[in-house]
Amino acid sequence: MAGLAAAWQLAEDLGGSGSRARIVVLEAGSRVGGKVRSTEFCGRTVDVAADAFLARRPEATGLCAELGLDDALVSPGASGAALWSRGRLRMMPDGVNLGVPTRWWPLFRSGILSPGGSARAGVDLFRPHRATPGAPVDRAVGPVVAARLGHQVVERLVDPLVGGIHAGGVDELSAEATFPPLLAADRLSGSLMRRLGQPPSPAQSPPKPAAAPRTRPTPVFWSLEGTAARLPAELAAALIARGVVIHTGVAVESMARTAGDGSGHGMWRLALGGDAAVLAGITFASGPVDATAPVDTTASGDGMGILHVDGVVLAVPAGQAAGLLTGHAPVAATLLADIRHASVAVVTLSMPTGAIRSDLVGTGFLVPRTSTIGGRAALITGCTYLTQKWPGLARPDDELIRLSIGRHGDVRQDELNDDELTAAAFGELAGILDIVGQPSHSMVTRWDGAFPQYAVGHLSRTTRIEQSVAELPGVAMAGAAYRGVGIPAVIGSGRAAARAVLRSLDGTVAGRPG
Ligand SMILES: Cc1cc2nc3c(=O)[nH]c(=O)nc-3n(C[C@H](O)[C@H](O)[C@H](O)COP(=O)(O)OP(=O)(O)OC[C@H]3O[C@@H](n4cnc5c(N)ncnc54)[C@H](O)[C@@H]3O)c2cc1C
């Protein structure tokens, strides 16, 4: 998503009349979209990673509007989620902000915490908290919340939510990077719950997209009719229509700076790997940005090609970016290589109608990491009632269920093959819901190293990475490794990186001969 968004911004900024700039997207995989991906399952198109984007951030809805997809925005067909706690599913209380309760009574009534745990959280409302001047810039989320509201709030609410979003643990995740309002509230005197319950200022709330009727509140999440993966697909189609060339199955294997091309300034020489036939076929499609000229690419029989470019947006995961930057920006390469990642897996099940005898309430449930199911440490981290969340997927004969597995530090799924993983995950589901029979179909999708872990100090390390890369002419970074893992954040990072590349090149691209 970050790379496509960068190309979109470049096309926007360079697409003016007279520009002969060429924009190329190189994607190592067989299709665009990266982790925003869907697949066919039981006759339906089902998202196998991201299935929605946050509505309160403007970048994804803004891009949808630019692509004319306003009318295709859909919100979940159910609301609310439950939590597996104290031996049963309990609905998340009203008024939680990323797991932090902002009202005590709904928290108490939810039964998620023990009476003692609720009482401990309530102390926040009565015991005056004094701001601590000189508090560190960043801290882990867990200890900040634990000090104010107790450990149960951390383990049973904040870790499942914040940890769930990042597939990490809140005892390591940076509050500055993953939950900035928490740090801001903690720095002020008074109740943390009350502070986090205050509505955002009008300046912080994005405008509603056209599709949101004025009379109804904006939902928390949006997706697109059919699948969230329509976003990269439609974006790619719009890019191609604007003359951007997209190559799938082509990986950038290394980059090197050339001395110059005769007109006085250096370029980046990208060594491309991939299928030799694909590389040999790399030529420019016709389009308004550049009509005819072949790209400066040579493909040899061994599957290597060369592409010379003025600027590069590196919209790849941190490990790949580290490899490409070694030798050019050593500080950035070292810091990028140090970012740890969590692997996750998604098990999608089709359950025959009637097999699930429990009432499915809301969109699904989360499972705290300290939970046991049937007396064993839980493997699943959450469950989505897919056909309830996205009514467009509903069919009379089944119920689609999605189970999430894996988080940083828990690699149990790596030791199980797909059948074993499905059996283990389904066994846990059956330990929570009243189920008769077995799934009629199942599908496992594994996402290795999918989630960069924003450890304490992540944002200052990101700034150092950006500073190190800014010394390279025409290079910028984008993607989930930096300032947010969600779809809106990575779209924003792609667009910002495109602008940074253009600033660095200072207008030399548009004026260059094709
Ligand atoms: C299971 C799961 C569920 C998620 N759910 C949500 C959700 O509901 N909502 C949400 O907002 N976010 C969600 N996310 C997070 C979000 O999907 C990702 O953080 C985001 O899509 C990452 O986008 P990206 O462009 O940074 O990276 P990626 O999607 O990882 O894209 C990077 C691309 O670079 C390519 N590449 C790598 N190396 C090279 C190379 N050398 N040359 C060329 N190409 C290369 C890769 O093939 C890949 O396509 C989820 C993620 C997962 C894994």
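This is a predicted model: local features need pLDDT of at least 70, side-chain atom pairs count only at pLDDT 80 or more; totals for chains, interfaces and linings use all residues.

The chain runs to 514 residues, and 49% of them count as buried. It holds 18 helices and 24 strands.

**The chain as a whole**

- Take the contacts between residues at least 6 apart in sequence: 74% of them join residues that are at least 24 apart.

**A sheet of seven strands**

- Follow the order β7-β6-β18-β21-β22-β17-β23 and you've walked across an open sheet of 7 strands, with mixed pairing.
- The edges belong to β7 (88-91) and β23 (441-452); each has a single partner strand, so one side of each is left without a neighbour in the sheet.
- On average, neighbouring strands here are turned by 25° against each other, ignoring direction.
- Inside that order, β6 (residues 82-85) and β18 (residues 364-366) run parallel and are joined by 2 bridges.
- If you want to spot a pair there, look for L83, whose bridge partner in β18 is L366.
- Helix α6 (residues 151-166) packs on this sheet and touches β6, β18 and β23. The direction of α6 makes about 120° with that of β6.

**The cavity**

- The structure holds 1 cavity of 30 Å³ or more, and the largest cavity has a volume of about 30 Å³.
- Its lining is made up of E172, L173, R340, H408, Q453, Y454 and A455.
- Sorted by class, that lining comes out as 3 nonpolar, 2 polar and 2 charged residues.

**The second largest pocket**

- This pocket takes in about 410 Å³ of space.
- There are 20 residues in the lining of the second largest pocket, and those nearest its centre are E466, M477, A496, A497 and A500.
- Three names to look for are α16 (458-470), β24 (475-477) and α17 (487-505), the elements that give two or more residues to the lining of this pocket.
- The top contributor to that lining is α17, with 9 residues.
- By class, the lining of the second largest pocket has 11 nonpolar residues, along with 6 charged and 3 polar ones.

Terms used: Residues are numbered from 1 along each chain as its sequence is written. Side-chain values use heavy atoms; hydrogens and water are left out. On a 1 Å grid over the protein atoms alone, a cavity is a set of points where a 1.4 Å probe fits but cannot get out, and a pocket is an open set with protein on both sides within 12 Å along at least five of seven lines; lining residues have an atom within 4 Å of a point. Grid points are joined across faces, edges and corners, and a volume is the space filled by probe spheres set on the points. Ala, Val, Leu, Ile, Met, Phe, Trp, Tyr, Cys and Pro count as nonpolar, Asp, Glu, Lys and Arg as charged, and the others, Gly among them, as polar. Two strands pair if DSSP finds at least two bridges between them. Helices (H or I, at least four residues) and strands (E, at least two) are DSSP runs, numbered from the N terminus. Axes are lines fitted to C-alpha atoms, for helices over the stretch in contact, and angles run from 0 to 180 degrees between N-to-C directions. Contact means heavy atoms within 4.5 Å. Buried means under 20% relative accessible area, exposed over 50%, partly exposed in between (1.4 Å probe, protein chains only).
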